[in-house]
Amino acid sequence: MAARRRSSWMNDELDALRDLADKFLAKELTPNIEKFAEQHHVDRDLWNKAGELGLLCLSIPEEYGGGGGDFRHESVLIAAQAQAFDTSWGVSLHNGIVAHYILAYGTEEQKQAWLPKMASGEAVGAIAMTEPGTGSDLQNVKTRAIKTGGEYVINGSKTFITNGQQADIVVLVCKTNPDEGAAGISLILVEADREGFRKGNILNKIGQKGQDTSELFFDDVHVPVENLLGTQEGQGFYQLMQQLPQERLIIGQACVAGMEVIFEETLRYTKEREAFGRPIFGFQNTKFKLAEALTETTIARVFVDDCIEKHVKGELDIPTVAMAKWWTSDRAQEVASECLQLFGGYGYMAEYPAARFWVDNRVQMIYAGTNEIMKEIIARTL
């Protein structure tokens, strides 16, 4: 019995998209996993190739160059990438997060300027939230954008920024009113070619080695006031709270898809690998551990599928997606650990999927709000 089950929201169109995504990943990503890990970023033309096939901005309206789909389409690509054991390509952030900030809050001019480029792969998107001294506590970001005449002058720094090195456009979380907390936060679009904008080193992480997670620096960066996202200053915190649930659901989908494929890989391995004259699967402990992993994976899949259906209908609430984010990322790490153990010494080898999934998945419990923050969000509803 395989762990992967057909999601309730899948249909023939989405099956065709999954087939396209699988073939693209098998050709362009899987053979290059080690290369991307060594250079700490994907090849830049990967984005252009994906754009040519229509795999970018899947849930952005066609009038802006996107695929005209919804979150189900993004979920198909997220699952395909997770089940290819790839964490190098920051496409889910580009597609499901950055593009949607521009779509939801951008002016018509901003949408026309950036969304078609993001859909074609001409422009790569990033969002800059975290700072060296500020993580989940976004109300206390220190980066400032002070209005001077018809411009904002931006100073500050960001860290742990996915797609940071290859980004052409950055959604910047900053303070336009430094004396305020949440009410002083705004989102501003910053083009990567602005004078004073610098990309730091690609950070050396314990996992997701192929992802260009970077520091960004803003030293007297001048951008026109028209780069503000939204109709007025001070809307940034509200905008973040509106969009973060989708980011957390992206994590939930990636975690479940990863659980499904690592279960399948481990089941296959335990039936092929022998110890003491019989397959490892023949031992009761192995069967029990796999039974537990399959149960955890199935429960996670049903929960995330329900969240996806609700999200597409506009019915997914913030506490529920917080539950999905913390629970799936926590359970995925547990399943990863148990599966690694069943691989024995090979599970600790970097070229084996159990090791990669175990180390790459760990950060899911941290970003988009730590799991402790997710529990705090849930607890507020009690």
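**Stop 1: G210**

Select G210, which is buried at 3% relative accessibility. The model on screen is a predicted one. G210 sits in the loop between strand 6 and strand 7. Now show what surrounds G210. Setting aside residues within four places in sequence, its contacts are F36, A37, H40, H41, V42 and S88. G210 and W89 are 121 residues apart along the chain, yet their C-alpha atoms are separated by 7.5 Å.

**Stop 2: Q208**

Stay in this loop and step back to Q208. The loop runs between strand 6 (197–202) and strand 7 (214–224), and Q208 is found in it. Check the backbone here. Q208 is not a glycine, but its phi is positive, about 45°. Most residues other than glycine have a negative phi. Is Q208 buried or exposed? With a relative accessible area of 10%, Q208 is buried, because the cut-off for buried is under 20%.

**Stop 3: H40**

Go next to H40, one of the residues in contact with G210. Look for H40 in the loop between helix 2 (33–39) and helix 3 (45–53). H40 also has a positive phi, about 65°, and is not a glycine. Its relative accessibility is 26%, so H40 counts as partly exposed.

**Stop 4: helices 4 and 5**

Select residues 71–83 for helix 4 and residues 91–105 for helix 5. Two packed helices are described by the angle between their axes and the distance between the axes. For this pair, the angle is about 165° and the axes are 10 Å apart. Helix 4 and helix 5 are therefore roughly antiparallel, since angles over 145 degrees are classed that way. The crossing of helix 4 and helix 5 is left-handed.

**Stop 5: Y101**

Move along helix 5 to Y101. Y101 is buried, at 1% relative accessibility. Display its contacts, leaving out neighbours within four places in sequence. They are G106, I127, M129, V171, L187, L229, Q239, L240, Q243 and L244. For a distance check, pick A192. Y101 and A192 are 91 residues apart in sequence and 17 Å apart in space, C-alpha to C-alpha.

**Stop 6**

**Stop 6: Q246 in helix 7**

Now select Q246, found in helix 7. Q246 is buried, with a relative accessible area of 10%. Beyond its neighbours within four places in sequence, Q246 is in contact with F71, G96, H100 and H311.

**Stop 7: T295 in helix 8**

Show helix 8 (residues 284–312) and find T295 in it. T295 is partly exposed, with a relative accessible area of 45%. Draw a line from T295 to R278. These two are 17 residues apart along the chain, and their C-alpha atoms are separated by 25 Å.

**Stop 9**

Over residues 12–122 the chain is 67% helix and 0% strand. The end C-alpha atoms of this range are 30 Å apart.

Residues 234–381 are 74% helix and 3% strand. Their end C-alpha atoms are 26 Å apart.

**Last stop: L382**

Finish at L382, in the segment after helix 11 (371–379). Buried or exposed? L382 is exposed, with a relative accessible area of 85%. Draw one more line, from L382 to Y152. The two are 230 residues apart along the chain, with their C-alpha atoms separated by 41 Å.

Terms used
Residues numbered from 1 in each chain as written. Predicted model: local features only at pLDDT ≥ 70, side-chain atom pairs only at ≥ 80, totals over all residues. Heavy atoms only, no water. Helix = DSSP H or I, 4+ residues; strand = E, 2+ residues; numbered from the N terminus. Buried < 20%, exposed > 50% of the residue type's maximum accessible area, 1.4 Å probe, protein only. Axes fitted to C-alpha atoms, helices over the stretch in contact; angles between N-to-C directions. Parallel < 35°, antiparallel > 145°, perpendicular 65-115°, else oblique. Left-handed = near helix turned anticlockwise from the far one by under 90°. Contact = heavy atoms within 4.5 Å.
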